[in-house]
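Hi everyone, thanks for coming. Please bring up the model on your screens, and we'll walk through it together.

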Amino acid sequence: VTSTIKGSTLTTTGTDVTAGSDSQVVNLAGQLAAGGKVGMGLGVAYNSLRNTTGAYVEGSTIGNDTQANDLTVDAANKGKVYAVGAAVVGGDKAALNGVVVVNHGRNDVEAQVKGMTVLDKDGKAQSYGTNLNNMGNVSVHATDSSSQLGVIGSLGISSQGVALGGSVAMNEIGSLLGEADKKVQENRALIEDTTITLADEGRVAVAADDTSKLTTVAVGTSLSGGSCALQGVGTVALIDKSTDAAIKKTIIKNVDATKHSTAVAVDADNTSKITTVGIVAAASGKVAGGAGITVNKIASDTNASVAGGTYDVKGLQVNSSSAESITAIGVGVSAAEMAGLAGNMAINRIGNDTSASLDDATVTAVQDIGVVSTSSDTIKNYAGTLGAGGKLGAGMSVSYNELTGSTTSSVATATACSRCET
C-alpha cells in the first residue's frame, strides 16, 4: 500500500500523503480423528507475509507564498494476523496427534520526504531535492501497531494403549531464519535532501513508533487409560526489526531569516511486546510425561538521528526510547499410577541497540538542543511443573533470560550552538 507525490509542483494550503494498512488475515486449521484401534491426525496453519506500507514525497516543490501551509506524510500498519489450529484424536490402542501454527514475514512501514534521482536522455543521473516553502507544520510519521496471534489446542485420548501428542506455535516478525539482506522489518520516518522554509512559529516533527504485539498460545493434553501418555508443546516468538526516525542533509530555516522560531523534533519510540503461553498435561494408568519449551527473542534497533545539513531553529530535540517486553508463561502437569514426569524450559532474549545522535550538522538554536536516548526493556518469566506418580513423581523448570545491547547519545563532528544570540 503506497501513496506518492513525485516530481511535482503543488501550490496548496495543506497537503496530506497518507498510506494505511488495516488488513486482517485469518487462518483456521482443525481436525478430528477416531479409530477402533488407532487414531491419528495432523493440523497445520501457515501465514507468510511480505508487504510495504509507504507514504512518499520525492523531488517535489510544495508551498504557498501568501499563506502558511501544512504537510503531513503518514504511514501506518494496523494489520492483524490470526492463525488457529486445533486437533482431537481418539483410539482404543493408540492416539497420535500433532498441530503446527506459523505466522511469518515482514511488513515494512515508511514515511519519507526526500529527493530523487532520474536518468536524463543521455543516461546520466540527475538529482533533484524537495523544497517545502512557507510551511506552518511539517509532520512525517511512521507507525507499526500491528498484531499477530497464534493459538494451538490439541487433545489425544487412548482408552487402553498409548496417547502421544506434539504441538508447535511460531510467530515471527522479520526473518531471523531468512537471508541476510531480507531479515529486518523496517519502520522508518525520514526527511532527506530537502530544503524547508517555515513561517513564524513553525514546527517540523519526524517520528517512528512501534507498538506491535506478538501473542503465542499452545495447549496440549494426552490421556491414556493404558500404558503411556506423552505430550510436548513448543512456542516460539521471534522479532527482528528496526525503528528509525531521521533528518539527513536538510536545510531548515524561517521565511524571515532574522527569526529562529521553528521547533524541530525527531523521535523514535519502540514498545513492542511478546507474550507466550505454553501449557502441557498428560495422564496415564502407568506412565505419563509432559514437556514444554518456550523460545522468545527480540533483536531490534531503535534510532533517532540528525545527520548533515543546516538548522536555524528555535530548538532541536532528538529522542530515542525503547521499552520492549517479553512475558512468558509455561506450565507442565503429569500424573500416573506408576510414574509422572513433567518438564518446562524457557529461553528469553532481548538484544536492542538504542541510539540518539547529532552528526555532521550545523545547528543554531535560540533555545535548547537535546540528544537523549533511554532504554527500559523487560523480561517476565513464569514457569511451573507438577509431576505425580504412585512410585515416581518429578518435575523440573529451567529458565534463561538475557538482556543485551547498548544505549547511546552522541554529538559528533557537528557545529551546535544552544541558546545562541542571533
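Among contacts in the protein chain between residues at least 6 apart in sequence, what percentage join residues at least 24 apart? The figure is 86%, where contact means heavy atoms within 4.5 Å.

Two notes before we go on. This is a predicted model, in which local features need pLDDT of at least 70, side-chain atom pairs count only at pLDDT 80 or more, and totals for chains, interfaces and linings use all residues. Residues are numbered from 1 along each chain as its sequence is written, and side-chain values use heavy atoms, with hydrogens and water left out.

Now the overall picture. The protein chain has 30 strands and zero helices; both are DSSP runs numbered from the N terminus, with helices being H or I of at least four residues and strands E of at least two. Along the principal axes, the C-alpha atoms fill a box of roughly 90 × 45 × 35 Å. Of the 422 residues, 49% count as buried, meaning under 20% relative accessible area, while exposed is over 50% and partly exposed lies in between (1.4 Å probe, protein chains only).

Let's look at some neighbouring strands. β17 covers residues 213-224 and includes Val219. β17 runs parallel to β20 (residues 273-284), and twelve bridges join them; strands pair if DSSP finds at least two bridges between them. One example is Thr215, whose bridge partner in β20 is Thr275. β20 in turn runs parallel to β23, again with twelve bridges, and here Ala282 has Ser334 as its bridge partner.

Which residues make the nonpolar surface patch of about 520 Å²? They are Val219, Ile279, Ile329, Val331, Val333, Tyr382 and Leu386. Patch residues have over 30% relative accessible area and no salt bridge, with nonpolar side chains (Val, Leu, Ile, Met, Phe, Trp, Tyr) joined within 5 Å and like charges within 9 Å. A salt bridge is a side-chain nitrogen of Lys or Arg within 4 Å of a carboxyl oxygen of Asp or Glu. Areas come from the Shrake-Rupley method with a 1.4 Å probe, and for residues only the protein chains shown count as cover. β23 gives the most, with three residues.

Last stop: Val255, in the loop between β18 (228-254) and β19 (263-270). Val255 counts as exposed because its relative accessibility is 52%. Asn134 is 121 residues away along the chain, yet the two C-alpha atoms are separated by 6.5 Å. Beyond neighbours within four places in sequence, Val255 is in contact with Asn134, Thr197, Leu198 and Ala199.
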